[in-house]
Amino acid sequence: LTQTVDQLTTEDDRKPVIAGGITCPQYTEPTLALDSTLFPQGSILGLKLSHTLGLQAVVAQGCRAIGPYYTITSCERNALLELDGEPALMQLMKLQKELAEGDGRDTIGTDSVVLVGTSSYPPRTPTLASGKTTRNPPSDFLIRQIMGFQPNKNAILVGDQLTEGDCFRFHLRDAQSAVDDWELMLSRVQQERMFQNTGDSSEETNCGPAGRPVAAIQISCVARGTGLFGTENVDLGYGKQLLGPSDNTSNEAPIAGLFANGGLGPVGIAGLSSSSSSSNSISQNSSTFMHGFTAVMALICDYTKDSKPQSDDDNSITAPFVEDDSAWQ
């Protein structure tokens, strides 16, 4: 799957935005179908959007950062050996002690779910005044599980390959953090759409800068849902807010989805503008990763200039791509 995604992103110079999920098959039963045709395990189904349609992806990771920012100073494949020149396991134990002596909001106990976050964004930039370095932290991290420890090396084993020089931070996962992360993602999307729509539409593509969501697919990790939040449809509720307000329930954009063993998408948000490689897009990093514990929203958007929702008095569908079969590939 990773090789397939890498091939898709490297063959397209526009750096396409990709979002999806990994189904949860039971035994050998197929979980994918197209036009009544069932596909065996290991199959991949995809939809490519073109013409005036584009994809916006939002990934809510559902955890909060704790402790300071670190730089990975030594690692071997997925073994984290040193953070800021100190043994990684010792840094985690030091953080656990500091949190225990703090205000009690963040603690690492036996029932805590501790995750790690990495980012290739430069964690330090030089200051002109003193010549020293200062922290310039990233806003989004790629979250990974802790798979285990190597006490003889004071190492932490992470569920992904690591790179020396990357920024690093520990994270905690709980229901309130997942809600807070949704609120943050929703706020970022709303702000970016507002600023995008203050500009002019592209004359070349006749596309609105921010696009209008017309449908969505939501993929939530099986570790979310009622097991995390204690109530139903939390992810769905925020997904509906991402689709935007509607004056009439009959005009609400449809949303479908599934629970999955993992999600596919960017880190944070990508694809707000009609071109995912545009300098006006929410995230310059449209790279696609496999995620766990996340909710992935794939928003199908119409970028036609001055596109408007269908009115109650109109018996036809006014979406501009309906009469153009080339819009769906």
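I count a contact when heavy atoms come within 4.5 Å. What covers its buried residues includes strands S5 (63-76), S6 (79-83), S7 (86-87), S11 (142-150), S12 (155-158) and S13 (167-173). I keep in mind throughout that this is a predicted model.

**Helix H2**

I listed the buried residues of H2 next. They are Ala88, Leu89, Gln91, Leu92, Leu95 and Leu99. Looking down the axis of H2, I found these buried residues within an arc of 160 degrees, so they line one face of the helix. Then I turned to the face pointing away from the buried side. Exposed Lys97 and Ala100 sit there.

I also checked the length of H2. The helix runs over residues 88-100, which is 13 residues. At 1.5 Å a residue the span should be 18 Å, and the end C-alpha atoms are 19 Å apart, which agrees.

**The whole chain**

I stepped back for an overview. The protein chain has five helices and 19 strands. Of its 329 residues, 41% are buried. I looked up the accessible surface too: about 18,300 Å², with 49% of it belonging to carbon and sulfur atoms. For contacts with a separation of 6 or more, 75% join residues 24 or more positions apart.

**Val113 and Arg173**

Val113 is in the loop between H2 and strand S8 (114-119). Its C-alpha atom is separated by 5.6 Å from that of Arg173, though the two are 60 residues apart along the chain. Leaving out neighbours within four places in sequence, I find Val113 in contact with His171, Leu172 and Arg173.

**Salt bridges**

How many salt bridges does the structure hold? I get five. Side chains of opposite charge can pair when their charged atoms come close.

Lys153 and Glu76 meet through their side chains at 3.7 Å, N to O. This pair links distant parts of the chain, 77 residues apart: Lys153 is in the loop between S11 and S12, and Glu76 is in strand S5. Lys153 is partly exposed at 43% relative accessibility. Glu76 is partly exposed as well, at 45%.

Arg212 forms a salt bridge with Asp302, and their closest N and O atoms are 3.8 Å apart. Arg212 lies in strand S14 (residues 207-221) and Asp302 in strand S19 (residues 295-304), so the pair ties together parts 90 residues apart in sequence. Is Asp302 buried or exposed? At 1% relative accessibility, Asp302 counts as buried.

Arg224 and Asp235 make a salt bridge at 2.9 Å, N to O. Arg224 lies in the loop between S14 and helix H4 (226-229) and Asp235 in helix H5, so the parts tied together are eleven residues apart in sequence. I checked burial for both: Arg224 is buried, and so is Asp235.

Gly244 follows H5, and I note its positive phi, near 100 degrees.

Asp235 also turned up on the contact list of Gln218. Gln218 lies in strand S14 and is buried, with a relative accessible area of 11%. Not counting residues up to four places away in sequence, Gln218 touches Asp235, Leu236, Ile255, Ala256, Gly257, Leu258, Val296 and Met297.

Most residues other than glycine have a negative phi.

Arg77 has a positive phi, near 55 degrees. Arg77 lies in the loop between S5 and S6 and is exposed, with a relative accessible area of 65%.

Asn154 has a positive phi of about 50 degrees and is not a glycine. Asn154 is placed in the loop between S11 and S12. Its relative accessible area is 24%, so I log Asn154 as partly exposed.

**A nonpolar patch**

Leu1, Ile44 and Met290 make a nonpolar patch of about 260 Å². I located Ile44 in the loop between strand S3 (37-39) and strand S4 (53-60).

Notes. Residues are numbered from 1 along each chain as its sequence is written. This is a predicted model: local features need pLDDT of at least 70, side-chain atom pairs count only at pLDDT 80 or more; totals for chains, interfaces and linings use all residues. Side-chain values use heavy atoms; hydrogens and water are left out. Patches are made of residues with over 30% relative accessible area and no salt bridge: like charges are joined within 9 Å, nonpolar side chains (Val, Leu, Ile, Met, Phe, Trp, Tyr) within 5 Å. Accessible areas come from the Shrake-Rupley method with a 1.4 Å probe; for residues, only the protein chains shown count as cover. A salt bridge is a side-chain nitrogen of Lys or Arg within 4 Å of a carboxyl oxygen of Asp or Glu. Helices (H or I, at least four residues) and strands (E, at least two) are DSSP runs, numbered from the N terminus. The expected span of a helix is 1.5 Å times one less than its number of residues. Buried means under 20% relative accessible area, exposed over 50%, partly exposed in between (1.4 Å probe, protein chains only). The arc is that of the directions from the helix axis to the C-beta atoms.
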